[in-house]
Amino acid sequence: MAEKFDHLEEHLEKFVENIRQLGIIVSDFQPSSQAGLNQKLNFIVSGLQDIDKCRQQLHDITVPLEVFEYIDQGRNPQLYTKECLERALAKNEQVKGKIDTMKKFKSLLIQELSKVFPEDMAKYRSIRGEDHPPA
């Protein structure tokens, strides 16, 4: 899979370099540079064809729109992954805290209910397969 990306990256780098060189030729255009301009335009067309061939190999890859927003803002797209992981870890900690709180609440509730309704709670524990009341 990485080979496909490496291949695409190579074609994109060549394409960007050809565009850069084309910009130089156009910015200081002289009639004598027409042949070089035509050659660069042909390189750009063939570069687009090569990129299109790579696209066909990567048709099953999806990229979140937020990644493109990061790129448009001039930010590193790898920051998107980092921030997603940080948000996931924060949410995980939040949920873990809620689970721990609910476990403590359940334990205290069963403990208090056992004091008020000992027979009913004994039946509950037998149904749940718990042999002893919570401490």
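Domain bounds, as used here, come from an automatic or database domain assignment. For the protein chain in this predicted model, that assignment gives two stretches to keep in mind: domain 1 covers 1–61, and domain 2 covers 64–134. The C-alpha centres of domain 1 and domain 2 are 51 Å apart.

The average pLDDT of the protein chain is 89, and 96% of the residues reach at least 70. Among the elements of the chain, H4 has the highest mean pLDDT, at 94, while helix H1 (residues 2–27) has the lowest, at 88.

The helix pairs can now be taken in turn. Two packed helices are described by the angle between their axes and the distance between the axes. Helix H1 meets helix H2 (residues 34–57) with axes that come within 9 Å and cross at roughly 160 degrees. Because angles over 145 degrees count as roughly antiparallel, H1 is roughly antiparallel to H2. The crossing of these two helices, H1 and H2, is left-handed. On the H1 side, the residues making the contact include Leu8, Leu12, Phe15, Ile19, Leu22 and Ile25; on the H2 side, they include Leu37, Leu41, Phe43, Ile44, Leu48 and Ile51. Taken together, the residues of the H1 contact with H2 divide into 14 nonpolar, 7 polar and 3 charged.

Glu66, Val67, Tyr70 and Ile71 of H3 make the contact with Pro77, Leu79, Tyr80 and Glu83 of H4.

From H4, the contact is made by Lys106, Ile110, Leu113, Ser114, Lys115 and Val116; from H5, the partners are Pro118, Met121, Tyr124, Arg125 and Arg128. The residues of this contact of H4 with H5 divide into 6 nonpolar, 1 polar and 4 charged.

Technical notes:
Residues numbered from 1 in each chain as written. Predicted model: local features only at pLDDT ≥ 70, side-chain atom pairs only at ≥ 80, totals over all residues. Heavy atoms only, no water. Contact = heavy atoms within 4.5 Å. Helix = DSSP H or I, 4+ residues; strand = E, 2+ residues; numbered from the N terminus. Nonpolar A, V, L, I, M, F, W, Y, C, P; charged D, E, K, R; others polar. pLDDT = per-residue confidence, 0-100. Axes fitted to C-alpha atoms, helices over the stretch in contact; angles between N-to-C directions. Parallel < 35°, antiparallel > 145°, perpendicular 65-115°, else oblique. Left-handed = near helix turned anticlockwise from the far one by under 90°.
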